[in-house]
Amino acid sequence: MWKRNKVFIYLVLFFLGTGTAKSQNHNYQLFKEKGGYAHAYNRKMQEIISHFESGNTESLVLGFSKGQSFKVYGLVGKGDFFNAIFDIGDGKVLRVRQSKKKLFAPLSIMFGYHLPLMDSFYTYKSAYLELIKSNIPMPKSYFTETHDSEFLVQEKLDIAFYYSDYMKPEFRKSLGKEELEKVEKDLISFAKTTARYHQIGDFREDNIIYDKNRGWVLVDMWNNMGEAGSMDDGNVFEMNERDSAAIKARHMATVPDFMPAVYKPGLPDHMREAIDFAILESRRELLSKLCRKTAKQ
């Protein structure tokens, strides 16, 4: 009897000890010291995300190559299957892949740009460096030559609501008159900065947010851009015939579902005319600047 009890006690102590050791494991090495994913990267990321989603407020340390590490204090958000975003304090967030990037090099070469599943950080950085030329509001990003393929540090935003919220009539009605006027005035200003393009990759309702301090901000995008070739060449908000044809051709070619498609979030009816006018005015200014620059050469 004593032997059975002794075995039982040892088993209890073993499992308690295992649980304690696991709860005290606040360090996750995601990348090897010399680069490359560390063992069990995907599992570690699942544990990190679950840690915060379960309501745990204890900070964790995420380790990367060359001795770089960050203490993370909470999960700010995560996409469907690309990045997880963590609060690292000091008004900044850390974007980390939820799972290892997958290589689709042949398709990447074929279609002329990096697929998001190949390297979502590459698509973001190249899009960011392009769009910043037009002063499109985006969270400030702190790129590094040494760790650009491992993580991305960005400005932390104070999100009031998403564009998807704004598109709902009942939500707009819930805003006070003055607040709604400001939100829509800010939307016109935001639209002006997009005038150079008829398409921005992954320009979706859930990738555009209203920041309490900055107004409308584009928080995520892909690098499949389309510059407007004429004054009336469509805009990034609403589909036109060319967009419909591109989507139809995409399906006819049986392009994989993970390929970036044409995303446009739409506009409320009462804002369509004002936004169209603002974009056309901005395009006239861009054309005028181009003409003046050409004349000087």
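In this predicted model, the count of aromatic pairs comes to 22, where rings of Phe, Tyr and Trp (its six-membered ring) pair if their centres lie within 6.5 Å, and planes under 30 degrees apart count as stacked, over 60 as edge-to-face and the rest as tilted. A pair of aromatic rings is described by the distance of the centres and the angle of the planes. For tyrosine 163 and tyrosine 166, the ring centres lie 5.7 Å apart and the planes meet at 50°, so this pair is tilted. Both tyrosines belong to helix α5, where they are three residues apart and therefore separated by about one helical turn; helices (H or I, at least four residues) and strands (E, at least two) are DSSP runs, numbered from the N terminus. Tyrosine 163 is buried at 0% relative accessibility, and tyrosine 166 is likewise buried, with a relative accessible area of 0%, given that buried means under 20% relative accessible area, exposed over 50%, and partly exposed in between (1.4 Å probe, protein chains only). Ring pairs join Phe161, Tyr163, Tyr166, Phe171, Phe190, Phe203, Tyr210, Trp216 and Phe237 into a cluster.

Residues are numbered from 1 along each chain as its sequence is written, and side-chain values use heavy atoms, with hydrogens and water left out. Since the model is predicted, local features need pLDDT of at least 70 and side-chain atom pairs count only at pLDDT 80 or more, whereas totals for chains, interfaces and linings use all residues.

The protein chain contains nine helices and 13 strands, and 40% of its 297 residues count as buried. Of the contacts (heavy atoms within 4.5 Å) in the protein chain with a separation of 6 or more, 63% are between residues 24 or more positions apart.

The largest nonpolar core has 31 residues, and those with the most contacts inside it are Trp216, Leu218 and Phe237; such a core is a set of buried Ala, Val, Leu, Ile, Met, Phe, Trp, Tyr and Cys residues joined through side-chain atoms within 4.5 Å. Two or more residues of this core come from each of α4 (120-131), α5 (163-166), α7 (177-193), β10 (197-201), β11 (208-211), β12 (215-218) and α9 (269-296), and the largest share, five residues, is that of α7. Beyond residues up to four places away in sequence, phenylalanine 237 touches a set of residues including Tyr163, Leu187, Phe190, Phe203, Ile275 and Ile279. A second, separate core has 21 residues, among them Ile48, Leu62, Phe64 and Ala84.

The count of salt bridges comes to 16, each being a side-chain nitrogen of Lys or Arg within 4 Å of a carboxyl oxygen of Asp or Glu. In one of them, glutamate 53 pairs with lysine 78, with 3.7 Å between the closest N and O atoms. This pair links distant parts of the chain, 25 residues apart, with glutamate 53 in helix α2 (residues 41-53) and lysine 78 in strand β4 (residues 74-78). Glutamate 53 is partly exposed at 49% relative accessibility, as is lysine 78 at 41%. Arginine 204 and aspartate 206 form a salt bridge with an N to O distance of 3.6 Å, and a network of salt bridges links Asp202, Arg204 and Asp206. Arginine 204 is partly exposed at 25% relative accessibility, and aspartate 206 is partly exposed at 40%. In the salt bridge between arginine 242 and aspartate 233, the closest N and O atoms are 2.7 Å apart; arginine 242 is partly exposed, at 40%, whereas aspartate 233 is buried, at 13%.

Glutamate 227 lies in strand β13 (residues 222-227) and is partly exposed at 49% relative accessibility. Its C-alpha atom is separated by 5.8 Å from that of arginine 196, 31 residues apart along the chain.

The average pLDDT of the protein chain is 84, and 80% of the residues score at least 70, pLDDT being the predictor's confidence in each residue, from 0 to 100. Over residues 103-110 pLDDT stays under 50, and the model has twelve contacts for them beyond four places in sequence. Over residues 112-118 pLDDT also stays under 50, with 32 such contacts in the model. Where pLDDT is low, the predicted coordinates should not be read in detail.
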